[in-house]
Number of protein chains: 2
Amino acid sequence: MAHDADFRRELGQQLRVDSIRTSAAAGSGHPTSSMSAADLMAVLIDGHLRLDYSSPENPANDHLIFSKGHASPLYYAVLKAVGAIDDAELLTFRQLGSRLEGHPTPRIPPTDVATGSLGQGLPIGVGVAMAGRSLDKLPYRVWVLCGDSEMAEGSMWEAFQHAGWEGLDNLVAIIDVNRLGQTRETMLGWDLDGYVKRIEAFGWKAIAVDGHDVEAIEAAYAEAEATTGQPVAIVAKTMKGRGVKAVEDQPGKHGKPVEDAEAAVAELGGERDLSVDVAAPEGGSAHEFETSGGSLPSYELGDEVATRKAYGESIAALASIRGDVVALDGEVSNSTHSEDFREAHPDRYFEMFIAEQQLVAAAVGMQVGGRWTPFVSTFAAFLSRAYDFVRMGAISQAKLVLSGSHAGVSIGEDGPSQMALEDIASLRAIHGSVVVHPSDAQQTARLVAALADHDGISFIRTLRGKTPVRTAADEDVRIGGSRVAVEGDDVAIIACGITVDEAVKAAERLADGGIKARVLDAYSIKPIDASAVQAAARDCGAIVTVEDHAPEGGLGDAVLEALAAGDETAHVVKLAVREIPGSGTPAELLHGAKIDADAIADAAQKLVASPA
Amino acid sequence: MAHDADFRRELGQQLRVDSIRTSAAAGSGHPTSSMSAADLMAVLIDGHLRLDYSSPENPANDHLIFSKGHASPLYYAVLKAVGAIDDAELLTFRQLGSRLEGHPTPRIPPTDVATGSLGQGLPIGVGVAMAGRSLDKLPYRVWVLCGDSEMAEGSMWEAFQHAGWEGLDNLVAIIDVNRLGQTRETMLGWDLDGYVKRIEAFGWKAIAVDGHDVEAIEAAYAEAEATTGQPVAIVAKTMKGRGVKAVEDQPGKHGKPVEDAEAAVAELGGERDLSVDVAAPEGGSAHEFETSGGSLPSYELGDEVATRKAYGESIAALASIRGDVVALDGEVSNSTHSEDFREAHPDRYFEMFIAEQQLVAAAVGMQVGGRWTPFVSTFAAFLSRAYDFVRMGAISQAKLVLSGSHAGVSIGEDGPSQMALEDIASLRAIHGSVVVHPSDAQQTARLVAALADHDGISFIRTLRGKTPVRTAADEDVRIGGSRVAVEGDDVAIIACGITVDEAVKAAERLADGGIKARVLDAYSIKPIDASAVQAAARDCGAIVTVEDHAPEGGLGDAVLEALAAGDETAHVVKLAVREIPGSGTPAELLHGAKIDADAIADAAQKLVASPA
């Protein structure tokens with residue numbers, strides 16, 4: 001079914017011509033970054049890629065990820081060549097409503113994930129390849145086109161490292177070494193040997209090749225396909241803007257249409273109308289794990305259990321019920337308690353070591369196709385390391401659950417580097433996210449189950465220390481819910497996580513002084529239970545919010561937003577961590593941060609005494 | 001001044017003993033991770049390190065950074081051995097108010113930066129070494145103690161890559177290969193050759209050594225000191241918990257005190273009272289750049305200038321006035337316009353390529369000692385890649401200015417991967433941060449100057465497209481300020497950046513319908529101008545906030561917080577980007593996101609018609 005070298009050269013020229021045409025029609029885009037990789041893609045789709053473009057949901061399909069997402073003109077030119085889009089659609093590039101966005105997104109099938117933030121396609125590809133080998137158990141191959149500029153991203157080296165360690169021989173990285181970045185030459189320029197040495201040092205096979213020699217490319221792909229036991233990188237020497245003298249290997253030609261597109265197309269031999277029947281994969285359905293059933297853990301009222309421990313027990317139990325649930329951890333599984341999952345379901349647990357970008361990227365890769373539901377855990381503070389991957393995950397329409405343990409100053413002695421204090425703010429701002437922060441084990445178990453059904457990115461924040469179970473097994477716990485922990489109508493205290501305990505203590509103390517404080521456990525921060533917040537405002541008129549988090553973007557802001565959206569008004573005092581904490585016991589640090597029972601009672605008393 | 005091998009072996013034992021003692025006193029900590037590196041530190045401080053501990057501010061001092069910050073017991077044991085703290089203070093480890101926090105922070109001099117989030121010390125050390133060579137122009141050396149677990153972090157490889165490319169021969173990384181991570185063996189275990197190959201591939205000299213052989217360590221340090229033209233890594237094979245059988249090379253002994261501390265100390269030969277006079281550096285003062293003077297750019301009312309362009313012009317001008325100002329960029333200097341700085345001050349500009357973690361880390365390193373004020377630029381969306389470094393930068397008490405260009409949907413065709421929509425939320429939550437988002441060039445210039453004086457982390461968000469200059473040259477523009485762009489008292493529109501333009505258009509349209517809308521340009525989002533917001537509430541009673549950002553944690557939340565802090569109430573409608581945008585023209589996308597003049601006018605009209 002593959003064609004000869006002449007056809008492939010012509011196909012490469014067509015991909016260049018179409019890259020120029022589509023960028024010219026858009027008036028923007030990256031044709032020169034596309035032209036360098038055109039021959040690499042021509043040979044790939046004609047004889048190596050096995051992807052049924054008419055059936056993107058086929059689990060046996062190969063995957064093609066453009067880690068250099070700005071080469072979208074080439075990506076769309078490929079889609080035209082394989083018959084997935086027509087020429088008219090090709091020319092809608094970057095227009096409002098077009099599926100062909102500035103950088104590829106899943107809006108145009110079979111695109112697995114959004115790229116365009118460099119250094120993400122390869123680590124995500126590692127996750128797809130891990131799924132192929134260990135979850136789907138299908139022989140598909142993952143091809144990732146990488147730029148040379150993005151080789152500077154540390155996340156790429158996390159990917160090389162992890163794939164090398166796993167020996168993922170179903171993964172091929174194609175490095176388009178066109179030498180020129182956005183403003184200047186890359187660090188390594190055309191030093192192919194420099195790339196080869198680095199990549200080999202991480203356990204891969206690396207093959208240097210002339211990226212414009214279709215026969216050499218053919219040989220390299222064949223060698224990649226024949227390689228077992230390790231992933232393969234094709235390190236291809238190419239020229240940016242290849243084939244058009246005005247831009248070929250010229251600085252200053254990044255990210256803009258070719259000036260005289262008509263002349264450039266003519267120089268490349270004009271438009272062509274070649275098409276390629278990409279090979280379909282052999283059949284095969286994805287593996288499914290057997291489940292033993294059972295139920296989620298349930299806890300006795302008054303039991304003292306850390307929510308991180310309940311998290312571990314809950315995901316382990318959930319995976320006994322649901323075969324789609326998998327877990328990944330950043331080498332802190334005895335802290336996050338994902339170790340419970342690892343022990344119960346070792347074949348669905350993935351150790352990602354201290355590499356949080358690859359941790360989240362692997363999860364994004366695994367959820368491609370919708371067959372697996374990843375639970376990702378590390379310290380909440382260290383999820384900040386992967387923030388760009390979470391941001392892009394939302395654009396990828398990814399479904400995954402992030403679990404961050406060791407929230408806030410309540411962790412105590414380890415000090416501020418280990419304390420998540422910005423996590424709620426940063427993850428609330430992610431499109432479509434859910435953010436929950438249970439105060440007890442019962443809530444944790446129920447929320448874990450709920451998040452597994454949330455079609456998007458969710459975040460569950462867990463505590464290091466133990467808290468008493470206050471939620472009864474038959475209570476309603478849901479995304480968007482809340483819980484009245486103490487009834488009262490003089491003042492409302494809205495808390496989450498560890499501060500619920502402090503709020504309950506404060507309410508008891510306030511009751512001694514004749515003040516009836518309502519304590520609202522706002523375990524769902526996004527979406528927040530707006531009606532419960534508004535009811536608190538209506539009934540109490542004054543609200544204290546308290547959170548083990550920075551003052552910005554957390555529970556307090558969510559409460560203010562809920563109030564703004566309704567007709568109720570209330571005086572709101574926001575308690576949060578306003579100074580950088582040090583070390584100390586949890587109680588000392590909660591006190592020092594003025595988010596403990598003392599501070600809450602004090603704030604509530606002042607509000608009641610002088611509500612304005 | 002250095003001692004013999006026997007003394008050094010004894011000193012190593014003392015460091016182990018003190019690591020055990022301090023962790024035992026605290027009841028927590030990481031003694032075993034300290035014991036593996038004790039001999040490496042003993043030889044370092046006795047004959048190699050040149051650091052006047054009695055004068056931490058000496059610019060000629062060497063720097064010692066514990067990238068494996070959890071080895072803080074060892075770090076503090078070293079401080080005792082060199083006379084920087086006494087034994088009584090050593091035993092205050094992790095107690096409330098102690099300078100000896102769970103992980104090192106600058107609260108205990110001469111600690112340069114906070115560590116404890118793995119993979120940060122080495123890239124920050126690269127920045128210190130860059131400052132030594134290119135800014136201070138002093139021969140100090142930067143020694144970084146790294147763990148083997150953190151070698152999995154991509155940021156480490158950004159550091160190896162950048163230091164190798166720069167040929168930083170004033171940088172020595174000491175890798176403590178103790179084989180055991182938190183829960184299991186590392187990916188490479190004791191495969192020293194694996195580390196050597198990787199590190200050499202990135203252009204370093206790598207020396208494998210027995211990390212418990214003080215004579216071999218001596219030879220390795222001597223070789224490192226004699227090496228020119230490239231950085232050096234000492235790859236040391238060590239044992240976690242070395243010297244105490246109960247924990248030596250045992251799994252499950254991470255991050256906890258040695259159980260029987262007394263017996264362990266006895267096994268190590270008991271307490272010692274050795275002290276080391278660390279060599280002081282030769283004298284020398286830091287280089288200062290000559291300045292030509294001049295003034296900040298000023299813009300004519302009505303000029304159309306992109307704020308990113310004004311940013312570039314302003315930092316270039318500022319550096320002509322102030323010799324302390326330096327600039328770094330992530331290979332997008334023609335987008336962020338830091339290229340203006342590069343052209344004017346090439347000796348103070350640093351190209352960090354597409355490696356945003358190393359970009360921010362280098363800036364954190366450069367500001368150590370307070371002599372240099374770094375301005376760091378990339379697309380605002382890509383600052384998310386370095387979020388953990390910014391978070392830790394705050395704990396490091398770092399002073400730096402982050403500039404993020406290409407904010408929001410207003411960038412247009414490039415699509416959501418390039419659009420910062422979470423940046424305000426995430427950076428507002430950073431302790432002590434300032435967040436500004438100027439709407440025109442004049443504001444930009446003035447804010448650039450103001451941020452250079454802000455003692456902490458600040459963020460200036462700039463626009464891709466041009467906006468008209470509305471701020472007169474003699475107007476007051478300041479951190480915490482705002483500007484009334486249009487007077488009115490029927491409804492207030494609070495906007496920032498591109499939405500100020502849209503708000504002004506909306507106000508004009510509303511005026512045609514008899515509604516007098518006030519437009520408040522809230523260019524300072526943190527701190528927000530609370531009195532101006534409260535005045536808007538008092539005078540207008542109804543507020544529309546509008547931002548090219550996610551609904552959570554941005555301008556709207558800052559406005560609600562300002563209202564909650566005051567006595568004024570108002571009905572607030574928040575306009576923000578609620579769906580993932582696609583590609584399109586800026587106008588189309590602003591319209592589609594419902595943050596353009598149409599949407600603003602519509603929201604304002606509804607508020608005025610039905611204020612409840």
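1. B:Arg371 counts as partly exposed, with a relative accessibility of 22%; here buried denotes under 20% relative accessible area, exposed over 50%, and partly exposed the range in between (1.4 Å probe, protein chains only). This is a predicted model, in which local features need pLDDT of at least 70 and side-chain atom pairs count only at pLDDT 80 or more, while totals for chains, interfaces and linings use all residues. Residues are numbered from 1 along each chain as its sequence is written, chains are lettered from A and ligands numbered from 1 in the order in which they are written, and side-chain values use heavy atoms, with hydrogens and water left out.

2. B:Arg371 forms a salt bridge with B:Asp136, with 2.9 Å between the closest N and O atoms; the term requires a side-chain nitrogen of Lys or Arg within 4 Å of a carboxyl oxygen of Asp or Glu. The two residues are 235 apart in the chain: B:Arg371 lies in the loop between helix H14 (356-366) and strand E9 (373-379), and B:Asp136 in helix H6 (residues 121-136) of chain B. Helices (H or I, at least four residues) and strands (E, at least two) are DSSP runs, numbered from the N terminus. B:Asp136 is buried, at 1% relative accessibility.

3. A further salt bridge joins the side chains of B:Lys574 and B:Asp557 (2.5 Å, N to O). B:Lys574 belongs to strand E19 (residues 571-575) and B:Asp557 to helix H21 (residues 555-564) of chain B, 17 residues apart. Both B:Lys574 and B:Asp557 are buried.

4. In chain A, A:Glu166 and A:Arg133 form a salt bridge whose closest N and O atoms are 3.0 Å apart. Because A:Glu166 lies in helix H7 (residues 154-166) and A:Arg133 in helix H6 (residues 121-136), the pair ties together parts 33 residues apart in sequence. A:Glu166 is buried at 17% relative accessibility, whereas A:Arg133 is partly exposed at 35%.

5. A network of salt bridges links A:Asp18, A:Arg21, A:Lys80, A:Asp87 and A:Glu271. Over all chains, the search of the whole structure finds 86 salt bridges.

6. B:Glu568 is located in the loop between H21 and E19 of chain B and is partly exposed, with a relative accessible area of 23%. Apart from neighbours within four places in sequence, B:Glu568 is in contact with B:Gln534, B:Ala537, B:Arg538 and B:Leu563 (contact: heavy atoms within 4.5 Å). The C-alpha atoms of B:Glu568 and B:Ala535 are separated by 8.0 Å, the residues being 33 apart along the chain.
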